[in-house]
Amino acid sequence: MPMIEQKAYFLFLAFLVFIVPVFIKVIELLKKYSAPSLRGNFNFRISARSVIVLALKTAAFILAVVSLAGPLTTDKTLKEWSEGGNIVFALDISKSMLCEDLRPSRLEKAKSLISGILKDSVYDRAGLIVFASRSVFVCPLTDDHEALADFMASVTTDMVPSGGSSLRSGLENAVAAVKRDAKAKWGTIVLISDGEDLEGDDYRDILEDAKKSGINILTVGAGTAEGGQIPQYFEDFFGKSKHYLKYRGETVITKLEERTLRDIAEATGGKYCHISKAEKQLKKELDSLKRRSLRQRDVFMMKNDFGKVLSASLILYALSVIITII
């Protein structure tokens, strides 16, 4: 498939293609509406030879600009077999993830963890789901980890209006995302949460479905057993101020619920780890999965064919000169 290396030259050519007809139209209007004494200046005849010479020179010029743009063509296609699978990150963005018992916060710590894992998941397709009272598919499964990182950088607790937490919502959407790719031989869900489930919905049927489908759920605990307060920020006339969430006059303390996260992991044959040690343990766990399969990828080797295009341009120009002379 032909491609262009230097798009600026190609845009310049497109500009010329647009401006030349406009210039011709201006000449026609001047000829039509100019004073009779001036119309004689526009009365010229075009011979067949002139048309051919003009066409050859125009084509030569266009090819010269295209050669400067650097036309790329496929030199050869290589077949590469690579190891990998599908990884769906299910990230808790409930208000409790703003707690600062982990610095700078549970949420920022979790986002940093995902970035670290993606750096070494070269051949894995990864996707991102965020959840609170409901879940949102932020980024579908993709090989483009840079795009996923861009999506993740914009994740905040405001992406889902309600601040409550529903583990069922996150798990349901994540399992569905993995199962949706029928070609994948295996899939893994990495659930990152503080384990609090304010909605209290039953999700055992989802865990059973995941286990039957061969989907491992690896869980990561974000928070501490001692817990901490949930900060809230407000802006008023005096600037930005920080307060802590209260319920019925009492300051809310959010704690890590490790037992919940352990049960989720064990139900599908996965493992639980705390976020402080998660990056190393998750990489090891992902590498040790025996259900990994080999995926074939086409690697296209491109070459710049400017020489051929420039040669064609010179030949056309030379023909235009020869026709002019004879």
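1. Arg248 sits in the loop that joins strand E11 (246-247) to strand E12 (250-251). Helices (H or I, at least four residues) and strands (E, at least two) are DSSP runs, numbered from the N terminus. The phi of Arg248 is near 55°, a positive value in a residue other than glycine. Most residues other than glycine have a negative phi, and most peptide bonds are trans. With a relative accessible area of 74%, Arg248 is exposed; buried means under 20% relative accessible area, exposed over 50%, and partly exposed in between (1.4 Å probe, protein chains only).

2. The model is a predicted one, in which local features need pLDDT of at least 70 and side-chain atom pairs count only at pLDDT 80 or more, while totals for chains, interfaces and linings use all residues. Residues are numbered from 1 along each chain as its sequence is written, and side-chain values use heavy atoms, with hydrogens and water left out.

3. On the overall composition: the secondary structure of the chain comes to 10 helices and 15 strands. Of the 326 residues in the chain, 38% are buried. Among contacts (heavy atoms within 4.5 Å) with a separation of 6 or more, 81% are between residues 24 or more positions apart.

4. The peptide bond from Arg103 to Pro104 is cis, with omega near 0°. Pro104 belongs to the loop between strand E3 (86-92) and H4.

5. Helix H4 (residues 106-119) and helix H9 (residues 278-288) have axes that come within 10 Å and cross at roughly 40°. Axes are lines fitted to C-alpha atoms, for helices over the stretch in contact, and angles run from 0 to 180 degrees between N-to-C directions. H4 is therefore oblique to H9; angles under 35 degrees count as roughly parallel, over 145 as roughly antiparallel, 65 to 115 as roughly perpendicular and the rest as oblique. The crossing of H4 and H9 is right-handed: a crossing is left-handed if the near helix is turned anticlockwise from the far one by less than a right angle, and right-handed if clockwise. H4 contributes Leu113, Gly116 and Ile117 to the contact, and H9 contributes Ala278, Glu279, Leu282, Lys283 and Leu286. By class, the contact of H4 with H9 has five nonpolar, one polar and two charged residues. Here Ala, Val, Leu, Ile, Met, Phe, Trp, Tyr, Cys and Pro count as nonpolar, Asp, Glu, Lys and Arg as charged, and the others, Gly among them, as polar.

6. H4 also packs with helix H5 (residues 145-153), at an angle of about 175° and with the axes 11 Å apart. H4 is therefore roughly antiparallel to H5. On the H4 side, Lys111, Ile114, Ser115 and Leu118 meet His145, Leu148, Met152 and Ala153 in H5. The residues of this contact of H4 with H5 divide into five nonpolar, two polar and one charged.

7. The axes of helix H6 (residues 167-180) and helix H7 (residues 204-212) come within 10 Å and cross at roughly 20°, so H6 is roughly parallel to H7. H6 passes H7 in a left-handed crossing. The contact involves Arg168, Leu171, Glu172, Val175 and Lys179 of H6, together with Asp205, Ile206, Leu207, Asp209 and Ala210 of H7. This contact of H6 with H7 has five nonpolar, no polar and five charged residues.

8. Ile322, in helix H10 (residues 306-325), is partly exposed, with a relative accessible area of 48%. Ile322 and Val53 are 269 residues apart in sequence and 9.3 Å apart in space, C-alpha to C-alpha. Asp287 lies in helix H9 and counts as exposed at 58% relative accessibility. Trp186 is in the loop between H6 and strand E6 (187-193), where Trp186 is buried, with a relative accessible area of 4%. Trp186 and Asn216 are 30 residues apart in sequence and 8.8 Å apart in space, C-alpha to C-alpha.

9. On the cysteines: a disulfide is a covalent bond between the sulfur atoms of two cysteines. The structure holds zero disulfides, a disulfide being a pair of cysteine sulfur atoms within 2.5 Å. Cys99 is buried, with a relative accessible area of 0%, and Cys139 also counts as buried, at 3% relative accessibility.
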